[in-house]
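Thanks for coming. I have one structure for today, so please look at the screen.

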Amino acid sequence: MSNVYHIVVCAGIVPDPLQTLEPITTPTGPALKNEMMLPAVLDPWSGHALYEATNLAAHFPGSKVWLVSAAPKAKLQQVMMNVAQKASFELIPIDVPANGFADAHSVAKILGEAIQTIAGLDRSRLLLFGGWESASRGAGVTMQLVGERLGIRDQFQGVDQLTVQNDGSLEILERIEGGRHLVSTCQGPPALLGWATGNLPEPKNNPQVGMANMRAIMPALQKAKPASLFQNVRYVSVTPPKQQRQTRVVKDRSVDEIAAELAEWIVQS
Amino acid sequence: MSQNILFLAHVDESGKSLPRIAFEVLGAALDLAAGSGGVLTIGLIGENVQEAADGLASTGARILSVSGREFAHPRYSTDAAAAEAICRAATPELVITPSTSRFLRVIPGVAQRLSGQVDTHITSIEIADSRISAKRWFYRQRLEAAIQRDARPWFLLMDSGCHEPWTGAARTANIEPIDVPVSPDQTRTVFAGIRTPNSDAQTIRPDAKLLFVAGAGWCKKQGDGKNHVAEAEVAILSFLQNSGASLGGSKSLVDQSGENQAVLGFMTHLNQVGQTGSTPRHPKGLSTCCHGEEPHVVGWRFINERRAINLDPNCGWARGKADVLYVADAFQVMERLNALLAKK
Ligand SMILES: Cc1cc2nc3c(=O)[nH]c(=O)nc-3n(C[C@H](O)[C@H](O)[C@H](O)COP(=O)(O)OP(=O)(O)OC[C@H]3O[C@@H](n4cnc5c(N)ncnc54)[C@H](O)[C@@H]3O)c2cc1C
């Protein structure tokens, strides 16, 4: 039974990055225009966490992966139609109107509570995974807050690599300044890993995995109870960036002229 | 509205000084203390903090510290215990810290322990109508918001490049040390070193004046129907050497290394700029063979002057994303540019 991991991945959903985002004000705070219409994707860095989790579980028989997601149920279902084809997991959905403006402390509270109620979760084998930052709030704080709520004191952020050593200890590489990695060794679970890109390519869609997954995911989504999120943040203003540059498009100039202009620009202080 | 403000920092890898960003954020914390009539306390963490504290002594602020061998290297358990102890001793309403990787890992958990709240990637802190507001970006630099919170302590991790660094003469500092005992369960994790990526050169240079971005075009078939990856490698590495620039890449380019395509050997995911990459801060940026799509360009939010070289006059850079777009072959331009820079 050694090296059996219970991996819980926390992952939200975010608007497809190719969409234009326009802020609006609603009675409950800022939101995105046509938010429910925007196509959504699994938050990219937590997506990497999910792929790393399923890969790890595949190498250590008896291990299991849960995906805990706090998101509007209808959008989550849409995202699951795709994600469920890429990895095997049990979904723990929490139906909340979470977006980039939701408060991380409130999101962490409901995630922590949901994890504590997962049946069959052995906390001594727990590896709590997530993205090191979301593509919505981009704060990189939710996982630490969840970890503290669950009493996990071995936490890592910006993780690109996890290697299980022969003695069962975990070697973990975290991104630090200057394009380098901090290498740490942790005795084993419980531990929290906020993933950066990792090393795995996005798995190809496998309709069979998708069909098997969706048999459990659909009932879980149907049962998901709506919850609300307390807002601790007061938004004074939310604005898109003002500046649209006046691009000077330089055509029909010789390579020498362009190189000379660039060289001058580069050396100017 | 007088605030009790704690500026918290850790010593850098040299073990002697503070990282550059700490001086910038200290400047912001001092401004805020002056503007709010508040009192600033400094908290320092590291194996030995005396030299770093001496460098800050002329602020006149009270200096608290947690030091010792167990606090030499980043580690969540011990860093959290140290930061928590300093916060409990200083009882601040606001805790202002630099957004270093070490503190981004640990400060949110400390906020939770102190029943406080936390915001990261702060770009400015202001006082408006006797209230403190902080600015930060949402949706990966697409929307900027000014936010306030009632919760205290409020932890604000500030990004680099957002304030002039504080400077002052060094003198011997009077430090109030806090003893933080370390239990065996706090040493389940041990520091095992710092690793540089598989790359012949250190291509990521946060302090460089120029960001040089390479896009997937460098590895694509060119006008002659062939790939020119070897030439691309030479052109890019020579440019980095000649210009001192930091190297960024588009997602399409860095992803290729995982997909067994002809790739640039020195390009890793750490170089990726954009939505799922970094948002570096450099005064200037030059993009080459990169289309300038929105998920990439959001990573350029803090690059002031932007130029691009692309064969396509209708690429994303042409649409208000760069100041100048040179419609040209980047292989040819870079060869000449390298020759010119090598002479300078
Ligand atoms: C969830 C998600 C997250 C994403 N995150 C990111 C991110 O973080 N960063 C990122 O970069 N992208 C990201 N993307 C991808 C993004 O949408 C683009 O696909 C990507 O940026 C394209 O990279 P590119 O411009 O290098 O490649 P391409 O689109 O292939 O463009 C290559 C360019 O090279 C030019 N070219 C070719 N040869 C030459 C030559 N000799 N001289 C001059 N120009 C030449 C071509 O004209 C073309 O414009 C993300 C996408 C998604 C869906």
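Predicted model: local features only at pLDDT ≥ 70, side-chain atom pairs only at ≥ 80, totals over all residues.

The ligand first. It sits between chains A and B, and 28 residues surround it. The closest of them are Lys220(B), Gln222(B), Ser250(B), His291(B) and Asn310(B). By class, that shell has ten nonpolar, 13 polar and five charged residues. Three helices of chain B, H6 (251-255), H7 (294-297) and H8 (330-343), each supply at least two residues of the shell.

Now the polar pairs. A nitrogen atom of the ligand has a polar side-chain atom of Asp329(B) at 3.1 Å. On the backbone side, an N or O atom of Cys289(B) is 3.0 Å from a ligand oxygen, and a polar backbone atom of Gly277(B) is 3.4 Å from an oxygen atom of the ligand. Of the 980 Å² of accessible area that the ligand has on its own, the protein covers 84%.

Next, the cores. The largest nonpolar core has 56 residues, and those with the most contacts inside it include Val8(A), Leu128(A) and Phe155(B). Helix H3 (residues 76-90) of chain B gives the most to this core, nine residues. A second, separate core has 47 residues, among them Phe101(A) and Leu44(B).

Back to Leu128(A): its contacts beyond four places in sequence include Met143(A), Val146(A) and Gly147(A). Just after H4(A), Gly151(A) has a positive phi of about 75°.

Methods: Residues numbered from 1 in each chain as written. Chains lettered and ligands numbered in written order. Heavy atoms only, no water. Helix = DSSP H or I, 4+ residues; strand = E, 2+ residues; numbered from the N terminus. Core = buried A, V, L, I, M, F, W, Y, C linked by side-chain atoms within 4.5 Å. Buried < 20%, exposed > 50% of the residue type's maximum accessible area, 1.4 Å probe, protein only. Contact = heavy atoms within 4.5 Å. Near = heavy atom within 4 Å. Polar contact = N/O pair within 3.5 Å; in protein donor to acceptor, adjacent residues only side chain to side chain. Areas by Shrake-Rupley, 256 points an atom, 1.4 Å probe, with all protein chains shown as cover. Nonpolar A, V, L, I, M, F, W, Y, C, P; charged D, E, K, R; others polar.
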